[in-house]
Amino acid sequence: MDCCACKAAMAEVAVDGVTIDRCNRCGGVWLDAGEAEELATKNKPTRADELKRRKYELLRQWKTGPQNSKPSDRECPRCHAKLSRANYKDVPGLHVDLCTTKSCGLYLDKGELEKIRLIG
Ligand SMILES: [Zn+2]
Ligand SMILES: [Zn+2]
């Protein structure tokens, strides 16, 4: 699968038995819809799982419909439809790319995952 930001090949990375896709060139991360739900069902109250809970929270936010989304220049690596760029929880400067066409998942640029962890 190619990174929707820089077109480099993404590598699969196992996180607690769930495989997510990470770009080694730009550090972006792709989360499939099913993967986020799978991670959420683990529901362990450990520090490591806190990150996964936040990922799921982000996906849930998107499913309820981002209020201020706009077309992105990037394509969904799964269905190749244009992604939508949406502000996350109205936090200035924090935007994520979502597949709203077939609900494939969402893309996070390098550092966005860390911002989301800090925001909670
Ligand atoms: Zn990339
Ligand atoms: Zn898609």
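Guide: Two strands pair if DSSP finds at least two bridges between them. Strands (E, at least two residues) and helices (H or I, at least four) are DSSP runs numbered from the N terminus. This is a predicted model, in which local features need pLDDT of at least 70 and side-chain atom pairs count only at pLDDT 80 or more, while totals for chains, interfaces and linings use all residues. Residues are numbered from 1 along each chain as its sequence is written, and chains are lettered from A and ligands numbered from 1 in the order in which they are written.

Visitor: What is the order of the strands in the open sheet?

Guide: The sheet has seven strands with antiparallel pairing. Strand 1 (10–15) and strand 4 (70–75) are the edge strands, each pairing on one side only. The order is 1-2-3-7-6-5-4.

Visitor: How many bridges join strand 6 to strand 7?

Guide: Strand 6 and strand 7 form a hairpin with six residues between them, and Ser 103 in the turn has a positive phi of about 55°. Asp 97 has Tyr 107 as its bridge partner in strand 7. The two strands run antiparallel, and the number of bridges joining them is two.

Visitor: Which residue of strand 7 stands opposite Val 29?

Guide: Strand 3 (residues 29–32) pairs with strand 7 in the antiparallel sense over four bridges. In strand 7, the residue opposite Val 29 is Leu 108.

Visitor: Which residue in strand 6 is the bridge partner of Arg 85?

Guide: Arg 85 lies in strand 5. Strand 5 (residues 82–87) runs antiparallel to strand 6 (residues 95–98), with four bridges between them. The bridge partner of Arg 85 in strand 6 is Asp 97.

Visitor: Is Arg 85 buried, exposed or partly exposed?

Guide: A residue is buried if 20 or more other C-beta atoms (placed from the backbone) lie within 10 Å of its own, exposed if 12 or fewer, and partly exposed in between. Because Arg 85 has 18 such atoms within 10 Å, Arg 85 is partly exposed.

Visitor: Which residues touch the most other members of the largest nonpolar core?

Guide: A nonpolar core is a set of buried Ala, Val, Leu, Ile, Met, Phe, Trp, Tyr and Cys residues joined through C-beta atoms within 7 Å. The largest one has 24 residues. Elements giving two or more residues to this core include helix 2 (47–63) and strand 7. The members that touch the most others are Val 96, Leu 106 and Tyr 107.
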